[in-house]
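Me: I have a model open and some terms to sort out. Please take me through the aromatic rings, then the charges over rings, then a sheet.

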Amino acid sequence: AERLAHPPFPMSKDMTRQLPGIGISNRRQFTKTVMAASAAVASAPLILGAQDKSGNREPIVGQGEHTYRCIHHWGRDSLPSRCDYGNASHGVTIDKSGMIYITHTGRPDSVYVFDPSGRFIKSMAGFHAVKNADRSTASGHGIDIREENGEEFLYLSAANSNMSFAKVSLDGEIVWQKAKQDVFADAGFAGQKQVRFRPTNASFRPDGGYYLGDGYGSNYLYQYDAKDQFVRAIGGTGQADGQFRTPHGQWLDDRDGTPKLVVADRANERLQWFDMDGNHLRTQGGFLFPADIDSQGDLLLVPDLHARITILDGSNEPIAQLGDDEAWRKRVLDKSENMRASPEKWLPGRFVHPHDACFDSDGNIFVTEWVRGGRVTKLVKV
């Protein structure tokens with residue numbers, strides 16, 4: 001279950017500073033790698049393509065109402081030379097003005113902000129790790145956004161036991177933090193050394209409360225109310241209904257008018273639904289390694305770490321599996337291919353490890369992938 005988990009990074013003593021840029025010594029080599037990858041793609045057979053305004057050919061995925069044009073490496077050209085995604089790009093969310101927030105494990109900070117056109121706006125030190133000589137790495141993982149009394153806030157999950165789950169303003173000001181000892185004291189796990197803590201994502205309740213998913217740690221979801229008071233722990237390790245093996249992401253599913261919690265139970269290869277009191281309602285399989293969840297209208301969006309993105313309709317029937325290709329997936333999961341660190345092998349219109357995805361207000365989809373050097377893809381609705 002942990003074979004695709006991310007390595008931990010230590011925590012900076014000062015999480016509130018927005019640090020200046022830190023130069024990267026390997027950018028020239030990275031550029032060469034990307035150029036080589038582009039050459040490989042150019043010589044590969046094209047998937048269904050469409051001409052953009054510049055005349056470049058971009059792959060098309062999906063069909064019918066769920067057809068999208070792929071813009072791979074979205075925003076890459078505007079990323080300053082001092083910035084890189086490091087070991088991976090991880091989470092993505094969008095505020096009400098359309099700004100896109102990307103978490104990562106690179107430098108100099110842990111959150112990059114882009115405008116809707118893909119122009120880099122700023123980096124934010126929501127979580128920043130200690131420096132190692134002249135280098136430093138961040139530990140950005142889960143990122144979710146909510147408007148509260150007219151102001152939007154980011155909820156950041158670092159997937160690192162040495163860091164705190166945090167609520168942060170859009171300017172990078174930390175409102176509060178919950179460290180391992182705080183959460184475990186609330187849940188009654190204090191002093192239990194066998195219980196791990198590496199939270200991966202958060203989600204929100206309609207009453208102002210929220211859930212923290214300890215996906216790489218205890219396999220519990222910790223529920224808090226609107227006053228930040230602990231309510232209950234949901235789940236625990238196992239394969240029975242109501243239990244989890246890597247509850248990597250979760251979401252409020254109110255598509256039918258009744259709010260429910262839906263959890264991406266990744267290593268169990270399924271989604272699970274719960275009522276607002278934490279009672280298990282239903283389980284649905286048919287997934288490979290579901291990593292997170294988003295919704296828009298009647299649609300449920302599920303990025304799958306095993307090289308595809310699934311869209312479910314209002315009846316939870318899969319109506320699109322974007323990028324799905326069994327032969328390609330076999331290559332992606334073949335350790336000898338080292339696909340996540342080999343951009344020269346990536347194919348247009350194919351995903352490697354989709355780690356998070358979300359809709360924008362126009363129905364386009366942003367995808368972040370767990371690949372070395374990071375990759376953000378914008379799927380433009382056709």
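Reply: Start with what a ring pair is: rings of Phe, Tyr and Trp pair if their centres lie within 6.5 Å. Keep in mind that this model is predicted. Ring pairs link Tyr155, Phe165, Trp176, Phe204, Tyr210, Tyr224 and Phe230 into a cluster. The structure holds 20 aromatic pairs.

Me: Why is the pair of Trp176 and Tyr210 called stacked?

Reply: Check the angle. Planes under 30 degrees apart count as stacked. The planes of Trp176 and Tyr210 stand at 25°, so this pair is stacked. Their ring centres are 5.7 Å apart.

Me: What makes this a link between distant parts of the chain?

Reply: The two residues are 34 residues apart. Trp176 is in strand E13 (residues 174–178), and Tyr210 is in strand E15 (residues 210–213).

Me: How do you know whether Trp176 is buried or exposed?

Reply: Buried means under 20% relative accessible area. Trp176 has 14%, so Trp176 is buried. Tyr210 has 1% relative accessibility, so Tyr210 also counts as buried.

Me: Why is the pair of Tyr210 and Tyr224 stacked?

Reply: The planes of Tyr210 and Tyr224 are at 15°, so the pair is stacked. The centres lie 5.5 Å apart. This pair also links distant parts of the chain: Tyr210 is in strand E15 and Tyr224 in strand E16 (residues 220–224), 14 residues apart. Both Tyr210 and Tyr224 are buried.

Me: What makes the charged end of Lys167 count as sitting over the ring of Phe153?

Reply: The distance limit is within 6 Å of the ring centre, and the direction must be within 35 degrees of the ring normal. The charged end of Lys167 is 4.6 Å from the centre of the Phe153 ring and sits over that ring. Arg282 does likewise with Trp273: its charged end sits over the ring, 4.5 Å from the centre.

Me: How do you know that E4 and strand E5 (residues 100–104) pair?

Reply: Pairing needs at least two bridges. Four bridges join E4 to E5, and the two strands run antiparallel.

Technical notes. Residues numbered from 1 in each chain as written. Predicted model: local features only at pLDDT ≥ 70, side-chain atom pairs only at ≥ 80, totals over all residues. Heavy atoms only, no water. Phe/Tyr/Trp six-rings, centres within 6.5 Å; stacked < 30°, edge-to-face > 60°. Buried < 20%, exposed > 50% of the residue type's maximum accessible area, 1.4 Å probe, protein only.
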